[in-house]
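Subject: Structure handover

Hello,

Here is the structure we spoke about. Please open it first, then read my notes below.

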Amino acid sequence: MSHSFFCPCPRGLEAALAEELGEIAQQSRTLNIHNQVPGGVHCSGALTDAYRINLHSRIASRVLLRIAHGSYVNENDIYDLALAQPWEDWFSLKHTIRVDVTAVKSPLKSLEFTTLKIKDAVCDRFRDQYSERPSVNTKTPDMRIVGFLDARTFTLYLDTSGEALFKRGWRMETGDAPLRENLAAGLLRVAGWKPGMTLFDPMCGSGTILAEAAQIVAGVPPGARRNFAFEKFNDFDSAEWQAIKGSFKPNPIPTTPTIFGSDISGDMITMARHNLRNAGVMFDVPLKQIEAQEVKPPAETPGIILTNPPYGERIGVRGDSTQEADEMTAAFYSAFSKTLKQRFAGWQVFLFTADLGVPKLLRLKESRKTPFFNGALECRLFRFDMVAGFNRREEAKPKAD
């Protein structure tokens, strides 16, 4: 039987996710990828395809299974549609539930009231059949039910993932404002990085970008170390899940390092090492405590620098607190720019930041900028191509008074 799925992802990564899902579909006869919409990708296939996507997708935030779709005028229509669904086919009374609703251009006044109506419908359905109702658990529910409303239609989904997919099960601690794992994986793909290419993150923080890249090199699926909601479904096919899980072959361990990181903070370097180990990375990822404006290329061949620079106040926390954040940010970018021009000829530099003035601070013209959202925060991935002989041209220009 074919089911419809929706895989949400961070805004800006829809095309990258569709490409990744296309690669996952090559392992399956039944998985079909459909249209991209803002915030995700629609696809369809057997229920076991949801197992497969949960295990292998680095970019999706969740895999949602479509249960019902219909038009509505008011909350009662939504209640009726939810009540008519055979929830008992999917999960049992003993499972706890949580309901979340998102809406785009919905005329309904209160999403909270709509959420309550769906929850009531699911509970009433069980009460009608078993004279008992499942309990609600908003923190760690067994089953998450998701409603999506647009101006006229309403879709009900059952979440097959459980905890969001960016929670890979390896992150112990995070630095401040960590990058989510699925966003890091999407940035690697958009930057065009592939295993074997040199990758350097000079402001690696707790090591998210490095850990994602290292797992890709190792051939370890992102979901290998965690559990999923579908494992609690009534008709969960344990044998098929074991087969899907057992079918990937890890890549041979690389003998020479291609992934490198550094950070100004020794605590961050310790944390990054810890996270890499927890992520099952069995090979050397050289890490160094050094300020970003002091770095040198870690390898002979030019590669990709991909980093998420700390924002102004974070540069302040980790640098010199006597200077104003803005002055310090300007001084930092000016020094970092000089290092890039003088030492990183031939490299492609990708900076992911919410500070849209970064190219100006670096005095560099970006060759590409891609808009993304990190949660609700609008960001850009700026690409700078470091050309050989750059700095000589810069120096030769007459200085403005």
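Bear in mind as you look that the model is predicted.

Strand β1 covers residues 3-8 and strand β4 covers residues 64-71; the two pair in the antiparallel sense, over two bridges. Phe6 takes part too, standing opposite Leu64 in β4.

On the β3 side, β1 and β3 also run antiparallel, and six bridges join them. Look for Cys7 there: Val41 in β3 stands opposite.

Is β1 enclosed or open to the outside? Largely enclosed by the rest of the structure, because five of its six residues are buried.

Now step back. β1 is part of an open sheet of seven strands, ordered β2-β3-β1-β4-β7-β6-β5, with mixed pairing. At the edges sit β2 (32-37) and β5 (97-103), each of which pairs on one side only. On average, neighbouring strands in this sheet are turned by 30° against each other, direction ignored. As a general point, the strands of a sheet pair through backbone hydrogen bonds, either parallel or antiparallel.

Helix α1 (residues 14-25) lies across β1, β2 and β3 (40-45), and runs at about 175° to β2. Helix α2 (residues 47-56) packs on the sheet as well, touching β1, β3 and β4. The direction of α2 makes about 20° with that of β1.

**Nonpolar cores**

The largest nonpolar core holds 87 residues. Which of them touch the most other members? They are Phe91, Ile118, Ile145, Leu156, Leu199, Ile259 and Leu306. Helix α7 (residues 208-218) gives this core its largest share, seven residues.

Beyond its neighbours within four places in sequence, Leu306 is in contact with Leu187, Leu188, Leu199, Phe200, Asp201, Ile209, Phe350 and Leu381.

There is also a second, separate core, with 21 residues. Phe200, Phe332, Phe344 and Leu362 are among them.

**Aromatic pairs**

The whole structure has 18 aromatic pairs. Here are two of them.

- Phe6 and Tyr157: the ring centres are 6.3 Å apart and the planes are at 35°, so this pair is tilted. Phe6 lies in strand β1 and Tyr157 in strand β7 (residues 153-159), so the pair ties together parts that are 151 residues apart in sequence. Phe6 counts as buried at 12% relative accessibility. Tyr157 is buried too, with a relative accessible area of 6%.
- Phe332 and Phe336: the ring centres are 5.7 Å apart and the planes are at 10°, so this pair is stacked. Both residues lie in helix α11 (residues 325-343), four residues apart, which is about one turn of the helix. Phe332 counts as buried at 10% relative accessibility. Phe336 is buried, with a relative accessible area of 0%.

Look also for an aromatic cluster. Tyr51, Phe228, Phe230, Phe236 and Trp241 form it together.

Most residues other than glycine have a negative phi. Ser131 is not a glycine, yet has a positive phi of about 55°. Where does Ser131 lie? In the loop between α5 (111-130) and β6 (143-149). Ser131 is exposed, with a relative accessible area of 63%.

Arg363 has a positive phi as well, near 55°. Arg363 is found in the loop between α12 (358-362) and β13 (368-374). Is Arg363 buried or exposed? Exposed, with a relative accessible area of 61%.

The protein averages a pLDDT of 92, and 92% of the residues score at least 70. One stretch needs care. Over residues 391-396, pLDDT stays under 50. For that stretch the model has four contacts beyond four places in sequence. Where pLDDT is low, the predicted coordinates should not be read in detail.

Best wishes

Terms used. Residues numbered from 1 in each chain as written. Predicted model: local features only at pLDDT ≥ 70, side-chain atom pairs only at ≥ 80, totals over all residues. Heavy atoms only, no water. pLDDT = per-residue confidence, 0-100. Contact = heavy atoms within 4.5 Å. Pairing = 2+ DSSP bridges. Axes fitted to C-alpha atoms, helices over the stretch in contact; angles between N-to-C directions. Core = buried A, V, L, I, M, F, W, Y, C linked by side-chain atoms within 4.5 Å. Buried < 20%, exposed > 50% of the residue type's maximum accessible area, 1.4 Å probe, protein only. Phe/Tyr/Trp six-rings, centres within 6.5 Å; stacked < 30°, edge-to-face > 60°.
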